[in-house]
Structures are given as structure tokens and as C-alpha cells.
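The following report describes a two-chain complex for a reader who wishes to judge the coordinates alongside the text. Please keep the sequence and the structure in view while reading.

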Amino acid sequence: MTTGSLLWRGMIVGFVAAILSFGLLKTVGEPAVDRAIAFETAMDEAKAKAEHDAAVAKGENPPAVEQEEELVSRPVQGGIGLFTGVTVYNVAFGGLFALAFAILYGRMGDYSPRASAALIAISGFIAVYVVPILKYPANPPSVGNPDTIGLRTAIYFGMLLLSLASMIAAWNVRNRLVDQLGAWDATLVGGAVYLVAVVAFALAMPPLNEVPDGFPAVVLWQFRMASLGAQAIMWTVLGLGFGVWVERVLAPVKQGRLRTA
Amino acid sequence: MTNSYLAPTVGVTAIPLREVLPWLIFAGLICLLGVYFVGAEQGATAIFKGMYIHEFVHDSRHLLGFPCH
């Protein structure tokens, strides 16, 4: 079994995950995006009207209304654009997942291919998505100041890398202690190491809140739940789907070999 | 050992790292590039000029949790 054959399997499973994720994001995520954009439009119009009225009151010529030209229409953004983005992301993560599996299988512990894939998926979901967004949650359009995009991108990926590094460290601690403490206690210690590390990092990283006043809380919640759901789908499909597929080809002999004499 | 016909073979054999390494570098880079184009291109940083990629993957960038705008 070469890395290459793991890789294309991971990418195909990623494509399956993409279709399911897209289904959820289209039905649950897009309505929240549309409502967020409607909020943004209403805010912009109110601001323009206030400026217009202020200028008229002073007896000046009102400022010309700037029409923002749409580069990509909303139906394209929410249709083929969303599908393309989700597909590229999921297939790429399928590939990265397969590469991680190729390195970790047989090194992270004495787990079957199926169990290894499931453990990598759970660890990946927590380290790459759940913990980073607990500190810096996913935001719909109209939330976020364009001037801080550099900072926000840097601290988001910074949190992600710190979380991932903490997860790798926690696994190493767990595996070092497993002979001494047994699987249960060693796993608890590893979990504690991860938890303490990411809480410390989250406290040390700068706070960020750019949700505008009056933004509907329900829309924010729905948006973030859709985002969480799509990631849960991706990691679940990768962990279970890839695991089952690879189990068949990587470990066809599960119980042992038949020996004569 | 005539009775040990079911030898407890451990089915876990790691793939040699030197076999993984070329795949890791090339495929890993391509996959990361894919994630980058969905997640950050024409946002905080840009390889190509304009905003078309940003606008095209706009909804997925937001919904996948990346900072946007």
C-alpha cells in the first residue's frame, strides 16, 4: 500500500464529504448569509440616507450615491461558487487527511486502519476547527472590518497552528505514558495537556469582536451552526469513510495467518 | 508449537517515511494551496490581482470559518 493509493482514496472520500457539506450549507448556511447581506445593505442604505439628509439640511449638494458593482452575482456566489469552494476545501482536506494517515498509521499506536482514521479525524476536527473557532468564531458577511483582515487572518491561523501543535504534543505525552499508566489514564493526561495548552493560548491571543450593533443574534447562531455542521460532516465522512475503505485494502488479514505445523 | 496455528500477527505496519516524504511534500503543498485559495487568496494576501477568486468562493470562505473582508 503506497502513499499514492491512500492519497487518491482520501481525495475521493473528501469529494463525497463535499457533496454532503454543500447540501447542508446550501439549505442551512445560505439563508443566514442572505439575511446577513440584507442587514448589511439596510445599514449601508440608512447611512447613505443620513448623509444625504445632512447635506440637504446644510444646503449643500447631496453626495452622489455610489453603486457598488457586483463582480460575482449572488446566485453564482451561493451556487456554483459555494460548491467549488466547498469541494476544493474538502478534497484538499481529504488529501491532507490521507497524508497524515500515511505518517501516523502504525506510529500513533497499535490501532487498526479504521481506528487510526477515526482517531485522526476526531483529533483533527477538535484541533483544526473546534478549538480555533471557539476563540475566533466563523462570521457571516457584514461582520468584520476590512481594515483588520490582515490581523484577523494572522491570529486565526496562529490559533489553528497552536492548537494543532498542542494536539500533537498531547498525543506524544499520551503515548509515552501509556505503558506506565494504562490506556485510560494516559489518555486523560494527554487530554489535560491539550486542554491546558489551548486554554492558555486562547487567553494569551488578542480578543476580537467585530459584530456590529443590532446584528440579529439568531442569524449569527444559524450561520455558525451551519459552519460547524459542515465541518462535522467533513471530518466524520473522512474518519469513517476513509477508515473503512483503507481497512479493506490495508489489513485484509485481521485475525492472523493460518499456519500449518 | 503445533497448536499455535492462529499466530497473533499485529497487522499494524507503518509506511516507511522515505516512501511518504515525496508525496507529503508535493501533494501536501498542492492541497494546502487549494485550502489557501478557498480560505485566504485576495483577502489578507494575494497571488493574483483583482477580487474575482475572493468573490467567487466568498460564501464558502465565510461558511468554512475563515476570516473574510
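For chain A, the unreviewed UniProt entry lists residues 7–25, 80–105, 117–134, 154–171, 183–205 and 225–246 under "transmembrane region", and for chain B an unreviewed entry lists residues 20–39 under that name; such positions are given in the numbering used here, with feature names shortened, and the annotations may be inferred rather than shown by experiment.

The model is a predicted one, in which local features need pLDDT of at least 70 and side-chain atom pairs count only at pLDDT 80 or more, whereas totals for chains, interfaces and linings use all residues. Residues are numbered from 1 along each chain as its sequence is written, while chains are lettered from A and ligands numbered from 1 in the order in which they are written.

| Span | Distance between end C-alpha atoms | Helix and strand content |
|---|---|---|
| Residues 7–25 of chain A | 26 Å | 100% helix, 0% strand |
| Residues 154–171 of chain A | 26 Å | 100% helix, 0% strand |
| Residues 20–39 of chain B | 26 Å | 100% helix, 0% strand |

**Chain A**

Chain A has six helices and one strand, and from the N terminus on its elements run α-α-α-α-α-α-β. The radius of gyration of chain A, taken over C-alpha atoms, is 24 Å, well over the 18 Å that the globule rule (2.2 Å times the number of residues to the power 0.38) gives for 261 residues, so the chain is more spread out than a compact globule. Along the principal axes, the C-alpha atoms of chain A fill a box of roughly 105 × 40 × 25 Å. Of the 261 residues in chain A, 36% count as buried; a residue is buried if 20 or more other C-beta atoms, placed from the backbone, lie within 10 Å of its own, exposed if 12 or fewer do, and partly exposed in between. Two residues are in contact if their C-beta atoms lie within 7 Å, and among the contacts in chain A with a separation of 6 or more, 81% are between residues 24 or more positions apart.

Val131(A), which lies in helix H3 (residues 113–135), counts as buried with 24 C-beta neighbours inside 10 Å. Apart from neighbours within four places in sequence, Val131(A) is in contact with Ile126(A), Ser163(A) and Val198(A). Ser142(A) is found in the loop between H3 and helix H4 (149–181) of chain A; this residue is buried, with 22 other C-beta atoms within 10 Å, and its phi is near 85°, a positive value in a residue other than glycine. Ser73(A), by contrast, lies in the loop between H1 and H2 of chain A and is exposed, with 11 other C-beta atoms within 10 Å; the C-alpha atoms of Ser73(A) and Leu181(A), 108 residues apart along the chain, are separated by 59 Å.

**Chain B and the interface**

Chain B contains three helices and one strand, in the order β-α-α-α from the N terminus on, and buried residues make up 39% of its 69 residues. Helix H1 (residues 17–39) of chain B has a kink of about 30° centred on Leu24(B), where the bend at a residue is the angle between axes fitted to the seven residues ending there and the seven starting there. The buried residues of H1(B), including Val20(B), Trp23(B) and Ala27(B), pack against helix H1 (3–57) and helix H2 (74–104) of chain A together with helix H2 (52–56) and helix H3 (58–63) of chain B. Gln42(B), in the loop between H1 and H2 of chain B, is partly exposed, with 19 other C-beta atoms within 10 Å, and has a positive phi of about 60° although it is not a glycine.

Across the interface, 42 residues of chain B are in contact with 57 residues of chain A. H1(B) gives the most to the side of chain B that touches chain A, with eleven residues.

**Confidence**

The predictor gives the complex an ipTM of 0.87 and a pTM of 0.89. The mean pLDDT (the predictor's confidence in each residue, from 0 to 100) of chain B is 84, and 84% of its residues reach 70 or more. Over residues 1–9 of chain B, however, pLDDT stays under 50. Where pLDDT is low, the predicted coordinates should not be read in detail.

Notes:
Helix = DSSP H or I, 4+ residues; strand = E, 2+ residues; numbered from the N terminus.
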